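Work through the exercises below with the model open in your viewer. Try each task before reading its solution.

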Amino acid sequence: MTVRSILVVDDEPNIRRTLTGLLEDEGFDVKCSASAEEALEAIGKSPPDLLLLDVFLPGMDGIAFLEKLREKEIAFPVVVLSGHASIEMAVRATKLGAFDLQEKPVDPERLLLAVRNALEVARLRAENRSLRASLRAPGAILGEHRLMALLRDEIARAAPSSGRVLVHGENGTGKELVARAIHEASERREKPFVRVNCAAIPKDLIESELFGHEKGAFTGAAEQRIGKIEAAEGGTLLLDEVGDMSLETQAKLLRVLEARELERVGGRTPIPFDVRILSATNKNLRKEIEKGSFREDLYFRIAVVPIRVPPLRERASDVPILALHFLARLAEENGRKPKRFSKEALDRLIAHPWPGNVRELRNLVERLVIMCPEEEIGEDDVARALGEPAEESGADEAVSLRERVERYEVRVIRETLRRSGGNVAETARALATDRANLHRKMRRYGIRPREE
Ligand SMILES: Nc1ncnc2c1ncn2[C@@H]1O[C@H](COP(=O)(O)OP(=O)(O)OP(=O)(O)O)[C@@H](O)[C@H]1O
Ligand SMILES: [Mg+2]
């Protein structure tokens, strides 16, 4: 269990001491502030899971303090403490969203109960928010670029058959999303969609993962286990990162696909199955075949219909659509007010080469939602989040030739570094310059060899 943190705000030292002792004994991580001003600073650094607030404070009082928190959309439960004299204030505090009100002198049992209830309610609310967000967004494939229209066409044509589709494309382009869309548009949609990440499973476990195993098949196989293929019966199995499968497993999989039946590890009876196999990879499997690390016969089995998901830079006009979609969705998931992008910020996003594609864009927007206090996200915020030097909008006619050239330089260096896996020497060679010069430029533009 994670330790929950509580911030106690009270001007009386002995109350702070008593409450700290009481809450620490219950396993909470307790911090104290003697004033609202001090508390605001502490919260700015790291927000607690819960706030215990004495409303009657010297300086900024509890009510003004709660109003400040509300303005900043800071959302954690607040339990208010009040003496007799300040009871009216405490009632106003509950109107401002305080969860509960405890009268001084504090009754330890009642206080602990209020604290636990408040934490539980906050947890449920957060869970609810993320559930609602995930229900509303069933993973539609967004994008109006011609290439996306073609992609949707391909999905629509491939889906109804039971044809084995290989979805390929760079990291983060949306391959898994495409695979799910194929399943959803097929007659198997009511049946399971199961995904196996072939890259994440250790070599000696993948067969048991795919085909299952019988009890006692190997050390550690204490129970019989159903594999992913059987689990997908009647539905669709996605072999994700299929290019990372070992040659040995490829051979077994090939046999299973040809026979349309499998044997669990340690089992003897063949089990027939009816599962549509989809695969996804960011590798060029033709090259892997040439290198001898992927079987050609398996390739032809799984790539009956190859579908390519284009990288984001080939459809840059879709960047705003995606960015706005993520902005709305992530603000909701994080329980924040909706934000917007300035025009310059959007232009900056469009100009970025997006080596990590849609996933990179999504992560960037999430960072902006969390880090930007303002309602409008500006160009500088985007530049900072991208780790780029601040520059002006590409659409701005007044941008000098020099600036444009520099901007282009930044892009080329980033892109080449990414392709060489962050190897500076190799990048310098590819750009026909020397390392010292490249290092100088990288320092000047704040480019790191390996960026997310
Ligand atoms: N066209 C799109 N419209 C909406 N969301 C998208 C689109 N493409 C990708 N996404 C979102 O971007 C993220 C990455 O997509 P996904 O996991 O499908 O990519 P991937 O190609 O499988 O990535 P990886 O190479 O990292 O496995 C997901 O959150 C996905 O929902
Ligand atoms: Mg994927």
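The model is predicted: local features need pLDDT of at least 70, side-chain atom pairs count only at pLDDT 80 or more, and totals for chains, interfaces and linings use all residues. Residues are numbered from 1 along each chain as its sequence is written, and chains are lettered from A and ligands numbered from 1 in the order in which they are written.

**Exercise 1. Overall form**

Solution. Start with the secondary structure. The protein has 19 helices and 16 strands; these are DSSP runs, H or I of at least four residues for helices and E of at least two for strands, numbered from the N terminus. Along the principal axes, its C-alpha atoms fill a box of roughly 85 × 70 × 40 Å.

Now look at the division into domains, whose bounds come from an automatic or database domain assignment. That assignment gives domain 1 (5-135), domain 2 (157-309), domain 3 (312-396) and domain 4 (400-452). The C-alpha centres of domain 3 and domain 4 are 22 Å apart.

**Exercise 2. Burial and cores**

Task: Find which residues have the most contacts inside the largest nonpolar core.

Solution. A residue is buried if 20 or more other C-beta atoms lie within 10 Å of its own, exposed if 12 or fewer, and partly exposed in between, with C-beta atoms placed from the backbone. By this count, 32% of the 452 residues are buried.

Then define the core: a set of buried Ala, Val, Leu, Ile, Met, Phe, Trp, Tyr and Cys residues joined through C-beta atoms within 7 Å. The largest one has 38 residues, and Val167, Val178, Ile182 and Leu237 have the most contacts inside it. Elements that each supply at least two residues include α6 (146-158), β6 (165-168), α8 (203-211) and β10 (236-240). Helix α7 gives the most, with four residues. Apart from this core lies another, of 31 residues, among them Leu19, Ala39, Leu81 and Ala114.

Finish with Leu237. Two residues are in contact if their C-beta atoms, placed from the backbone, lie within 7 Å. Setting aside residues up to four places away in sequence, Leu237 touches Val194, Val196, Lys228, Ile229, Ala232, Val275 and Ile277.

**Exercise 3. The ligand shell**

Task: Explain why ligand 1 lies between two domains.

Solution. A residue is near a molecule if its C-beta atom, placed from the backbone, lies within 6 Å of it. Ligand 1 is surrounded by 17 residues, the closest being Leu142, Gly174, Lys175, Glu176 and Val358. Helices α7 (175-184) and α15 (357-371) each supply at least two residues of the shell. Domain 2 (157-309) and domain 3 (312-396) both give residues to the shell, so ligand 1 lies between them.

Sort the shell by class: five nonpolar, eight polar and four charged residues. Here Ala, Val, Leu, Ile, Met, Phe, Trp, Tyr, Cys and Pro count as nonpolar, Asp, Glu, Lys and Arg as charged, and the others, Gly among them, as polar.

**Exercise 4. Backbone exceptions**

Task: Where do Pro105, Asn357 and Ala432 lie?

Solution. Recall the background: most residues other than glycine have a negative phi, and most peptide bonds are trans.

- Pro105 lies in the loop between β5 (100-103) and α5 (108-136). A cis peptide bond joins Lys104 and Pro105, with omega about -5°.
- Asn357 is in helix α15. Its phi is positive, near 55°. Asn357 is buried, with 23 other C-beta atoms within 10 Å.
- Ala432 sits in the loop between α18 (424-430) and α19 (435-445). Its phi is also positive, near 50°. Ala432 is exposed, with 6 other C-beta atoms within 10 Å.
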